[in-house]
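Please open the structure in your viewer and keep the sequence beside it.

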Amino acid sequence: MKNQQFGNWQTTVAGFVAAIIVIISLNAFIIINPGQAAVISILGKARDGALLEGIHLKPPLISVIDVYDLTVQKFEVPAESSTKDLQNLTARFAINFRLDPVKVVEVRRKQGTLENIVSKIIAPQTQEAFKIAAAKRTVEEAITKRTELKEDFDNALSDRLEKYGIIVLDTSVVDLTFSPEFARAVEEKQIAEQRAQRAVYIAREAEQEAQAEVNRAKGKAEAQRLLAETLKAQGGQLVLQKEAIEAWKTGGAQMPKVLVMGGDSKSSVPFLFNMGNLENEP
């Protein structure tokens with residue numbers, strides 16, 4: 001009976017030891033997936049050299065593994081600054097970045113988690129980079145030359161974050177706003193420009209109308225000159241008399257029944273016209 005109890009106790013101990021060995025064995029290695037890097041800390045001290053993708057051995061029970069995502073991260077960060085003409089300018093940037101795998105251990109020692117990286121490093125450095133970019137231009141230039149503003153911001157931010165092991169891949173200006181005072185000034189400027197353009201249009205229209213009047217006056221004067229020359233020429237009197245007859249016909253006035261023409265001293269026989277016949281013509 002005692003031998004049987006002793007055997008059960010040995011079996012229990014052996015099972016317990018085997019379980020411990022299995023647990024220790026499972027904790028003796030770690031698998032790092034693609035797009036990740038890990039920092040191993042042994043007894044609270046980070047070991048140099050990041051663990052990249054693959055399987056790695058580690059001391060069981062006394063080591064801690066911190067895994068970092070090396071894929072592209074995106075965060076939106078607000079920023080505010082004053083322009084060269086002392087106007088307030090606010091913006092929101094979408095920043096795409098990733099951690100430098102070579103500097104992951106340094107990141108673990110100085111910044112810790114990804115949340116700390118964003119709040120303690122990226123956010124304040126974004127603010128400083130925006131101040132550098134905005135101070136180079138007026139608020140109007142910041143709006144009209146938005147691409148140049150972004151380029152200056154990208155260069156300043158990349159230089160500042162590189163030393164922290166953060167690689168900036170791209171930034172986007174999500175929102176760019178200015179003070180209400182400047183908004184009113186822009187609106188008033190646009191209204192003034194529209195009024196100026198309207199005044200120029202009216203002036204050009206008046207100039208064109210004046211030129212048209214001059215052209216009409218010149219045409220009328222030329223017509224009168226030609227008519228005068230026609231009347232001075234031989235037979236001109238007949239042309240004038242014909243014009244008078246046409247005017248009577250089209251003007252609706254009552255025409256005389258008989259018209260005597262050519263009664264001057266140079267004409268021996270006057271011309272007699274029966275105007276009634278002209279009225280009956282279609």
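A residue is called buried when its relative accessible area is under 20%, exposed when that area is over 50%, and partly exposed in between, using a 1.4 Å probe and protein chains only. This is a predicted model, in which local features need pLDDT of at least 70 and side-chain atom pairs count only at pLDDT 80 or more, while totals for chains, interfaces and linings use all residues. Residues are numbered from 1 along each chain as its sequence is written, and side-chain values use heavy atoms, with hydrogens and water left out.

**Stop 1: the whole chain**

Begin with the protein chain shown as a cartoon, where eight helices and ten strands make up the secondary structure. Helices (H or I, at least four residues) and strands (E, at least two) are DSSP runs, numbered from the N terminus. Of the 282 residues in the chain, 24% count as buried.

**Stop 2: helix H5**

Next, select residues 146-162, which form helix H5. The expected span of a helix is 1.5 Å times one less than its number of residues, so the 17 residues of H5 should span 24 Å, and this agrees with its end C-alpha atoms, which are 24 Å apart. Now show the side chains of Leu-149, Phe-153, Asp-154, Ala-156, Leu-157 and Leu-161, which are the buried residues of H5. These buried residues pack against strand S7 (88-99), helix H3 (114-134), helix H4 (139-144) and strand S8 (166-178).

**Stop 3: Arg-137**

Select Arg-137, which you will find in the loop between H3 and H4. Is Arg-137 buried or exposed? Its relative accessibility is 7%, so Arg-137 counts as buried. Its side chain makes a polar contact of 2.9 Å with the side chain of Asp-152, where a polar contact is a pair of N or O atoms within 3.5 Å; within protein, one must be able to donate a hydrogen and the other to accept it, and residues adjacent in sequence count only if both atoms are side-chain atoms. A polar atom of the Arg-137 side chain also lies 2.9 Å from the backbone oxygen of Ala-133.

**Stop 4: the nonpolar core**

In soluble globular proteins, nonpolar side chains tend to be buried together. A nonpolar core is a set of buried Ala, Val, Leu, Ile, Met, Phe, Trp, Tyr and Cys residues joined through side-chain atoms within 4.5 Å. The largest such core here has 35 residues, and those with the most contacts inside it are Phe-93, Ile-122, Phe-130 and Ile-166. Helix H3 supplies the largest share of this core, eight residues. Select Phe-130 and look for its contacts (heavy atoms within 4.5 Å); leaving aside neighbours within four places in sequence, they include Phe-93, Leu-149, Phe-153 and Leu-176.

**Stop 5**

Finally, find the open sheet of three strands in the order S3-S2-S5, with antiparallel pairing; two strands pair if DSSP finds at least two bridges between them. Its edge strands, S3 (45-46) and S5 (63-69), each pair on one side only, and seven bridges join S2 (residues 36-42) to S5. Select Tyr-68 in strand S5, which has Ala-37 standing opposite. Tyr-68 is buried, with a relative accessible area of 7%, and a polar atom of its side chain lies 2.6 Å from the backbone oxygen of Gly-112.
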